[in-house]
Amino acid sequence: MRITARGVGLLVAAVVLLVAGFRFAYPELTVLGAAAGVAVGYALVTAAWRPRLAVTRSVDPDRVARGEPAVVTLIVRNTGRLRAANLLAEDRCGDRCVPVPVLRLRPGRDTTVRYDVPTHRRGVVPIGPLRVTRRDPLGLVALARPYGETVPVWVHPRIHPLGAVPPGAGRSLDGRTDAVPHGSITFDSLREYVVGDELRRVHWRTSARVGELMVRENVDTSLPRLVVVLDNRAAAHPVRSAGVAESFEAGCEAAASVVAAAVREDLPVTLLLVAPDPAGGDPPLDRLAAAGLTDGGGDVLSTAVSRLRQERLGDTLVFLTGPGGRGDLGHVGALRGTYPSVMVAVLGATEPTPPGGAGLVVLDAADGAEFAAGWDGIRRW
């Protein structure tokens, strides 16, 4: 609850009039002071009354690529019996507020507002809640209350069309990696039997040893398992324009493009961020929409590289960084023994990466579109 400047002035006047009236025995001043105090009290009671409003909000669509349209439809209905007079309402849309006409909304009536969501920047745009401000007739007190839930709109990075992903590699349990022809199937692991598994897949020797049925898990080794790593360290993207690291935005577009190409061809793909990712369980494009730069230097990268080496999440590694990450390519180069195919892309590059970058294939690209244009030329690394 907030007392307006007019309310503060009237409250001060009430105190002064009451003190002067009692001090100098002027009943007229006392009456005026009491009237002013009663007015402020009435304003407090009036503003404290909570209007009964039902808020329905929908976004179509709630997930868009950067620059694509998204429209919010907001319906506010007066479910009370009394007219909700002297109401001001505005709906939150990211960093701006959209006015909603509810000033004289009669009982049982509703009002509908439609507005566009700003999608010119990648990110998660919070929509809502509706903020309704109740004022008394004299404008002495204002009380704001939230209505409705907050609905997120996921603005994904732009996706640039890419050519085919790199060819696959054969994997065996002893860790060796060999090129294999298209369409081959190889043994990958053993797991416990579950109802519905084919008996011909039971590994009887292992089942006899462990005392329970174990079945074979096979993989198609012609399908590459992609691991896309996005460098979200602030040190890797030092250049800012209006507070935005365009090289990181380009990295998000490159990551989204590789992930989309893999999904389009039904290939397994894993998206990782160098710094810890609180939205690790979300879909890849949602994670890229919510991704931001974090503090951290070579130690954060070393931790990520250690995880990549220990878990060996695939056979094809795509590492996306910015101009500030060129000095750390030695860490990535150390993964060549674990991942048969390693490619590095330096986004936001204004000049070529010096030769000798840990013996890696490096693609320099100013933005996501240039990354897509250069992808086909080096995808057979």
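Biologist: Which residues of α1 are buried?
Modeller: Gly7, Ala14, Ala20 and Gly21. Buried means under 20% relative accessible area, exposed over 50% and partly exposed in between, with a 1.4 Å probe and protein chains only. This is a predicted model: local features need pLDDT of at least 70, side-chain atom pairs count only at pLDDT 80 or more, and totals for chains, interfaces and linings use all residues. Residues are numbered from 1 along each chain as its sequence is written, and side-chain values use heavy atoms, leaving out hydrogens and water.

Biologist: What do they pack against?
Modeller: The buried residues of α1 pack against β1 (2–3) and α2 (27–48); contact means heavy atoms within 4.5 Å. Helices (H or I, at least four residues) and strands (E, at least two) are DSSP runs, numbered from the N terminus.

Biologist: And which ones are exposed on the other side?
Modeller: Ala5, Val19, Arg23 and Phe24.

Biologist: Valine 12, then: buried, partly exposed or exposed?
Modeller: Valine 12 lies in helix α1, and it counts as partly exposed because its relative accessibility is 47%.

Biologist: Switching to length, what span should α1 have?
Modeller: At 1.5 Å a residue, the 20 residues of α1 (residues 5–24) should span 28 Å, and the end C-alpha atoms are 28 Å apart, which agrees. The expected span is 1.5 Å times one less than the number of residues.

Biologist: What comes just after α1?
Modeller: Alanine 25, with a positive phi of about 60°.
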